[in-house]
Amino acid sequence: MSRVLLLQPSMGNYYRRSPVRGAVTLSPPLNLAILAGALENAGHQVQVWDLESKPRPKLEEDIKSWGPHVVGVTMRTPGFGEGKGLASAARRACPKARIVAGGPHASTCPDDVVGPHTDFDVAVRGEGEQAIVAIANNAPLHTISGLHWCDHLGVEAGQTEDGTYLENLDELPMPAWHHFDVPRYSRRSLVAPVVPVADLESSRGCLAKCVYCTKDVFGRTFRMHSPEGLVDRIEHAVGHGFRAFNLVDDSFTM
């Protein structure tokens with residue numbers, strides 16, 4: 001059994017000086033909630049820290065105190081700088097921990113993420129539920145699909161082929177909303193007059209070929225939850241105190 005710490009970086013000042021700030025919804029990261037559920041189902045201990053919702057002034061001390069074996073950081077491209085800082089803090093706090101990057105930026109630019117100027121050991125490309133569990137299980141990296149890794153680990157840098165996408169989304173674990181202090185997500189926005197808001201996905205993937213959009217996370221294969229499976233997830237979120245939903249599908253209208 002491994003101890004796994006999952007981190008959502010703060011967006012820092014990226015939105016705070018922009019007029020778009022009024023339309024940015026504060027909601028707990030769905031991707032980390034699902035990863036946490038997968039890890040717990042596999043028998044691992046998990047903590048999830050959303051630093052946008054709850055900053056940790058003594059982050060390095062907090063990481064060292066818990067002593068995770070694996071630290072996972074999710075990042076969009078604007079959060080890459082913050083993510084690198086989290087990786088460096090985790091490296092100082094737990095030199096032997098495996099530090100993993102995931103999310104859109106790691107999927108799109110894995111060579112940058114595990115390059116010589118970061119403390120990340122591994123970048124996970126695409127859907128991460130199976131990969132993070134395999135990493136926590138300490139499986140050899142070359143046996144896990146969709147990875148880039150560097151020689152921080154004492155092994156030669158390398159990568160594996162892309163994995164296959166999950167066909168039946170109802171097989172995904174329920175989001176582990178119990179890791180989040182739901183009342184903290186009470187900041188209203190132009191698009192979220194009712195709070196707290198939970199992110200919700202009814203499908204993954206998109207068949208469109210828009211040149212400005214990356215498909216590196218969920219791919220070009222369109223897959224849907226069943227109606228029953230989606231209602232189960234809505235009821236699960238309502239049971240944890242959420243009152244509204246933000247649909248994050250790549251192609252909801254399809």
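Which helix gives the largest share of the lining of the second largest pocket? In this predicted model, that helix is α6, residues 129-136, which contributes 5 residues. The pocket itself holds about 550 Å³ of space. Its lining comprises 24 residues, and those closest to the centre are Glu127, Gln130, Gly163, Thr164 and Tyr165. By class, the lining divides into 10 nonpolar, 8 polar and 6 charged residues.

The loop between α6 and β6 (147-149) contains Asn138. The backbone of Asn138 has a positive phi, near 65 degrees, although the residue is not a glycine. Most residues other than glycine have a negative phi. Asn138 counts as exposed, because its relative accessibility is 59% and the cut-off for exposed is over 50%.

A search of the whole structure finds 1 cavity of 30 Å³ or more. The largest cavity has a volume of about 90 Å³. Its lining is made up of Leu30, Ile34, Pro175, Trp177, Asp199, Leu200, Glu201, His225, Arg233, Ala237 and Phe245. Three elements, α1 (30-41), β8 and α7, each supply at least two of the lining residues. The lining has 7 nonpolar residues, 1 polar residue and 3 charged residues.

Helix α7 spans residues 227-239. Its 13 residues reach 18 Å from the first C-alpha to the last, close to the 18 Å expected at 1.5 Å a residue. The buried residues of α7 are Gly229, Arg233 and Ala237. Seen down the helix axis, these buried residues fall within an arc of 75 degrees, so they line one face of α7. The face turned away from the buried side carries the exposed residues Pro227, Glu228, Glu235 and Gly239. Just after the helix, Gly241 takes a positive phi of about 105 degrees.

A cis peptide bond links Val195 to Pro196, with omega near -5 degrees. Most peptide bonds are trans. Pro196 belongs to the loop between β7 (158-159) and β8.

Helix α3 has 14 residues. From first C-alpha to last, α3 reaches 20 Å, close to the 20 Å expected at 1.5 Å a residue. Its buried residues are Phe80, Gly83, Leu86, Ala87, Ala89, Ala90, Arg91 and Ala93. They pack against strands β1, β3 (70-74) and β4 (98-102), and against helices α2, α4 (104-108) and α5 (110-113). Gly85 lies within α3, which covers residues 80-93. Gly85 has a relative accessibility of 39%, so it counts as partly exposed, between the cut-offs of 20% and 50%. Gly85 and Ile63 are 22 residues apart along the chain, and their C-alpha atoms are separated by 13 Å.

Strand β1, one of the elements packed against the buried residues of α3, includes Gln8 and covers residues 3-8. The relative accessible area of Gln8 is 16%; the residue is therefore buried, as the cut-off is under 20%. Beyond its neighbours within four places in sequence, Gln8 is in contact with Pro29, Leu32, Trp49, Asp50, Leu51, Glu52 and Thr74.

Ser53 sits in the loop between β2 (45-50) and α2 (59-66). Not counting residues up to four places away in sequence, Ser53 touches Arg184 and Tyr185.

Methods. Residues numbered from 1 in each chain as written. Predicted model: local features only at pLDDT ≥ 70, side-chain atom pairs only at ≥ 80, totals over all residues. Heavy atoms only, no water. Helix = DSSP H or I, 4+ residues; strand = E, 2+ residues; numbered from the N terminus. Expected span 1.5 Å × (residues − 1). Buried < 20%, exposed > 50% of the residue type's maximum accessible area, 1.4 Å probe, protein only. Arc of directions from axis to C-beta. 1 Å grid on protein atoms, 1.4 Å probe; cavity = no way out; pocket = protein on both sides within 12 Å on 5 of 7 lines; lining within 4 Å. Points joined across faces, edges and corners; volume = space filled by probe spheres on them. Nonpolar A, V, L, I, M, F, W, Y, C, P; charged D, E, K, R; others polar. Contact = heavy atoms within 4.5 Å.
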